[in-house]
Amino acid sequence: MGGEMLSQTYMGGEMPWTILLFASGSLAIPAPSIFLVPPFPSSREDPIYLSCTAPKDILGANFTLFRGGEAVQLLQAPSDQHSVTFNVTGSGSGGSNEAAGGNFRCQYGVLGEHSEPQLSDFSQEVQVSFPVPTWILALSLSLAGAVLLSGLVVIAVLVRKESVNPAGLRSTSPTQTCPLITLCLPSPRK
């Protein structure tokens with residue numbers, strides 16, 4: 001039975017993964033590919049669309065999307081399709097307030113020998129991130145600018161105070177300057 005299936009499939013031009021799996025005895029099946037699909041998100045509230053695609057001869061597989069190490073969605077491909085598109089909303093999984101971005105990867109599973117489920121290797125990771133909103137950037141820069149300006153004003157006042165009254169000189173009249181210990185002399189008139 002296995003030999004007949006192998007020869008019929010081989011004569012057809014392409015050997016399906018199930019025959020390769022049986023022939024090799026390996027439980028690993030090829031990893032899917034994952035990519036971000038339009039419309040691309042521009043903020044954390046926008047949905048993220050990620051396509052996960054198995055090799056073209058693996059139809060109707062069950063796909064799992066992972067964020068980090070956590071499974072966030074499960075989808076089954078139609079029986080004539082080898083891919084699915086996940087829709088990750090800005091509210092995160094399970095209705096939490098978790099941000100939608102992060103590192104995503106996917107995996108698919110099929111029924112193998114003796115109807116036992118077998119999982120593919122993981123896809124490569126796709127990183128989804130969002131730019132800092134411009135109003136936050138402007139606010140941060142303006143706050144930093146205000147602190148810097150305040151510091152410069154304090155330094156200018158201290159420098160000005162020191163240049164008006166160097167080395168602790170004390171003025172007793174507008175025409176005289178007196179050091180703390182020495183005798184006061186009249187200032188030259190202009």
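This is a predicted model: local features need pLDDT of at least 70, side-chain atom pairs count only at pLDDT 80 or more; totals for chains, interfaces and linings use all residues.
Q: Where do I start, and what secondary structure does the protein have?
A: Start with the elements, then their order. The secondary structure comes to three helices and 11 strands. From the N terminus on, the order is α-α-β-β-β-β-β-β-β-β-α-β-β-β.

Q: What share of the contacts joins residues 24 or more positions apart?
A: Among contacts with a separation of 6 or more, 50% are between residues 24 or more positions apart.

Q: Which residues have the most contacts inside the largest nonpolar core?
A: The general idea comes before the case. In soluble globular proteins, nonpolar side chains tend to be buried together. Here the largest nonpolar core has 22 residues, and those with the most contacts inside it are Ile-48, Phe-63, Leu-65, Phe-104 and Tyr-108. At least two residues of this core come from each of β2 (48-53), β3 (62-67), β5 (83-88), β6 (102-111) and β8 (126-128). The largest share is that of β6, with four residues.

Q: What does Leu-65 touch?
A: Leaving aside neighbours within four places in sequence, Leu-65 is in contact with a list of residues that includes Ile-34, Leu-50, Val-72, Phe-86, Val-88 and Phe-104. Glu-70 and Arg-105 are also among its contacts.

Q: Is Thr-64 buried or exposed?
A: Thr-64 counts as buried because its relative accessibility is 16%, and the cut-off for buried is under 20%. Its place is in strand β3. Not counting residues up to four places away in sequence, Thr-64 touches Ala-71, Gln-73, Leu-74, Phe-86, Arg-105, Cys-106 and Gln-107.

Q: How far apart are Ala-31 and Phe-122 in sequence and in space?
A: These two residues are 91 residues apart in sequence, while their C-alpha atoms are 5.5 Å apart in space. Ala-31 lies in the loop between α2 (17-24) and β1 (33-36). Beyond its neighbours within four places in sequence, Ala-31 is in contact with Tyr-108, Ser-120, Asp-121, Phe-122 and Ser-123. Ala-31 is partly exposed, because its relative accessible area is 35%, a value between the cut-offs of 20% and 50%.

Q: What is the volume of the largest pocket, and which residues are closest to its centre?
A: Rolling a probe the size of a water molecule over the atoms shows where empty space is left. In this model the largest pocket has a volume of about 180 Å³. It is lined by 15 residues, and the closest to its centre are Ala-61, Asn-62, Gly-109, Val-110 and Leu-111. Strands β3, β6 and β7 (117-119) each supply at least two residues of the lining, and β6 gives the most, with five. By class, the lining has eight nonpolar, seven polar and no charged residues.

Q: Which peptide bond is cis, and which residue other than glycine has a positive phi?
A: Most residues other than glycine have a negative phi, and most peptide bonds are trans. The bond from Pro-38 to Pro-39 is cis, with omega near 0 degrees. Pro-39 is in the loop between β1 and β2. Ser-115 has a positive phi, near 55 degrees. Ser-115 is found in the loop between β6 and β7 and is exposed, with a relative accessible area of 56%.

Technical notes: Residues are numbered from 1 along each chain as its sequence is written. Side-chain values use heavy atoms; hydrogens and water are left out. A nonpolar core is a set of buried Ala, Val, Leu, Ile, Met, Phe, Trp, Tyr and Cys residues joined through side-chain atoms within 4.5 Å. Buried means under 20% relative accessible area, exposed over 50%, partly exposed in between (1.4 Å probe, protein chains only). Contact means heavy atoms within 4.5 Å. On a 1 Å grid over the protein atoms alone, a cavity is a set of points where a 1.4 Å probe fits but cannot get out, and a pocket is an open set with protein on both sides within 12 Å along at least five of seven lines; lining residues have an atom within 4 Å of a point. Grid points are joined across faces, edges and corners, and a volume is the space filled by probe spheres set on the points. Ala, Val, Leu, Ile, Met, Phe, Trp, Tyr, Cys and Pro count as nonpolar, Asp, Glu, Lys and Arg as charged, and the others, Gly among them, as polar.
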